[in-house]
Amino acid sequence: MNITVIGTGYVGLVSGACFSEFGVQVTCVDKLEDKIESLNRGEIPIYEPGLDEIVARNVRGGRLSFSTELAEAIDQSLVIFIAVGTPASDDGSTDLAFVEAVAREIGQCINSYKVIVTKSTVPVGTSDKIRGWIQEELDRRSEKMVFSVASNPEFLREGAAIGDFMRPDRVVIGTEAGDDHAIAIMKDLYRPLYLNETPFVETDIRSAELAKYAANAFLATKISFINEISVLCEEVGGDVQAIARAMGLDQRIGKKFLHAGPGFGGSCFPKDIASAAHFARELGHEFSIVEASIRVNARQRERMVEKIVSALDGEADGKTVAVLGLSFKPETDDMREAPAISIIRGLLDRGVSIRAYDPAAMAEAGRLIPEMVLCKDVYEALTNAHAMVIVTEWNEFRMIDLSRARELMAELRMVDLRNIYDRERIVEAGFQYWGVGR
Ligand SMILES: NC(=O)c1ccc[n+]([C@@H]2O[C@H](COP(=O)([O-])OP(=O)(O)OC[C@H]3O[C@@H](n4cnc5c(N)ncnc54)[C@H](O)[C@@H]3O)[C@@H](O)[C@H]2O)c1
């Protein structure tokens, strides 16, 4: 089968590469010429473990190619995936401009039956709009064409995207009522996963669209929930790690997403739950749980700044802080809505100098916050710092050489926003220690 994936970002590139690994003929299309040129030179524009090998293998095998020519790619494809960005507008609603532009382009060039599948995260009702935009363009061309629309939301996690795509917990496929043809085509495309016994949820389009928001809202709420427990722990002298373990061992709760920290970030949770809250409001319903988890998350970011300032004895002005970890989570270079951004800005506002290091996200972080000093490794960042602050739990921060750190730092403080160290060990090494909720 031939398919086109439009949008060659974290989702489009991973999906396209993984479908080609299944043996499907894939053209990944993007409007950014630089991106396509660098992909054609064999350069991968994002940091995602394992992606470079899969791309190289399938390009060599002739199953994967990159192009800016949408019409040509569509002409040869039966299934067209839309995987462009769906950023948040200022009021929290989803900006569908990229999706609309792509849908119209599809309408301007399709010349035979296609299944148009939305992989981007879009508010409920968007697939109907996509059908409308394509139809408008067909009408403009006075063309009559049968096409299907489907929703196939993507649940992959950056940093673990290949594994998530190849061995997903489930695949959700939403189609229009009675569209057995589209279901059959989608099943054929995902056949390797059917053979794997991956669970498939076949449903109507609106449920598929909403399922993605429901899942992200639930996970974000779990994070905000444990962060609120961490605040109570700090008040009463409890240990949030022990509480998370006690909760998480209950199989009805599960232990994932129960790690207290600086709050959720990234390209999905903040915008998706803002969007869910927004479209619920538009329907006249307050999505109270989600509204609360947004508020808790914003407050948690502020608390982290307050925690660091208080670790500096309340006198932040003129101090130097080493920030370890900038990306919103380990194993990605994605800085979108990373907690590090608001924490660093909060510290800069209080007169703190920042020396920062991240294994993958330095280029983008430096562009976003030019006021900080970018360092080549942990130890360069620690030099003359009055505190080290672990913001992202990259593995290389789990084994910091504390005797070397002791030699380099101006004052010995560790603020561990990911709770990856034991207080006793750090105190024994001569440092003062602050965690979250412990
Ligand atoms: N990043 C994730 O972890 C993740 C996970 C699940 C779902 N999603 C959803 O998937 C969608 C894409 O996210 P992403 O992180 O891959 O975005 P991204 O910003 O990394 O990539 C989007 C790409 O689309 C391209 N594009 C925009 N308009 C185009 C057009 N008219 N023609 C061709 N290309 C165009 C952009 O140039 C860009 O390369 C979003 O809706 C997001 O919410 C993301």
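Visitor: Let's start with Leu374. Is that residue buried, partly exposed or exposed?
Guide: Leu374 is partly exposed, since its relative accessible area is 35%, and the partly exposed class lies between the buried cut-off of under 20% and the exposed cut-off of over 50%. Keep in mind that this is a predicted model.

Visitor: OK, and which strand is Leu374 in?
Guide: Leu374 belongs to strand S11, which covers residues 373-374.

Visitor: How far is Leu374 from Ala322?
Guide: In sequence, 52 residues separate Leu374 and Ala322, while in space their C-alpha atoms are 9.9 Å apart.

Visitor: What sheet does S11 sit in?
Guide: S11 is part of an open sheet of six strands with parallel pairing, and the order is S11-S10-S9-S12-S13-S14. S11 and strand S14 (432-434) are at the edges with a single partner strand each, so one side of each has no neighbour in the sheet.

Visitor: And who pairs with S14?
Guide: Strand S13, residues 413-416, pairs with S14 in the parallel sense over three bridges. Within that pairing, Met414 stands opposite Tyr433 in S14.

Visitor: What holds paired strands together, in general?
Guide: Strands of a sheet pair through backbone hydrogen bonds, in either a parallel or an antiparallel way.

Visitor: Let's hop to the start of the chain. Is strand S1 largely enclosed or left open?
Guide: S1 spans residues 2-6, and four of its five residues are buried, so the rest of the structure largely encloses S1.

Visitor: Which strands does S1 pair with?
Guide: One partner is strand S2 (residues 25-29), which runs parallel to S1 and is joined to S1 by five bridges. There, Asn2 stands opposite Gln25 in S2. Another partner is strand S4 (residues 79-82), paired with S1 in the parallel sense over four bridges, and Ile6 stands opposite Ile82 in S4.

Visitor: How does the chain get from S1 to S2?
Guide: The chain passes through helix H1 (residues 10-21) on the way from S1 to S2, making a β-α-β crossover that is right-handed.

Visitor: Now the ligand. Which residues come nearest?
Guide: There are 27 residues around the ligand, and the nearest are Asp30, Lys35, Thr86, Glu158 and Lys271.

Visitor: How much of the ligand does the protein bury?
Guide: The protein buries 90% of the 840 Å² that the ligand exposes when taken alone.

Visitor: What's the shell made of, by class?
Guide: The shell around the ligand has 10 nonpolar, eight polar and nine charged residues. H1 and helix H5 (97-109) each supply at least two residues of that shell, and the largest share, three residues, comes from H5.

Methods:
Residues are numbered from 1 along each chain as its sequence is written. This is a predicted model: local features need pLDDT of at least 70, side-chain atom pairs count only at pLDDT 80 or more; totals for chains, interfaces and linings use all residues. Side-chain values use heavy atoms; hydrogens and water are left out. Buried means under 20% relative accessible area, exposed over 50%, partly exposed in between (1.4 Å probe, protein chains only). Two strands pair if DSSP finds at least two bridges between them. A crossover is right-handed if, with the strands pointing away from the viewer, the path from the first strand over the helix to the second runs clockwise. A residue is near a molecule or strand if one of its heavy atoms lies within 4 Å of it. Accessible areas come from the Shrake-Rupley method with a 1.4 Å probe; for residues, only the protein chains shown count as cover. Ala, Val, Leu, Ile, Met, Phe, Trp, Tyr, Cys and Pro count as nonpolar, Asp, Glu, Lys and Arg as charged, and the others, Gly among them, as polar.
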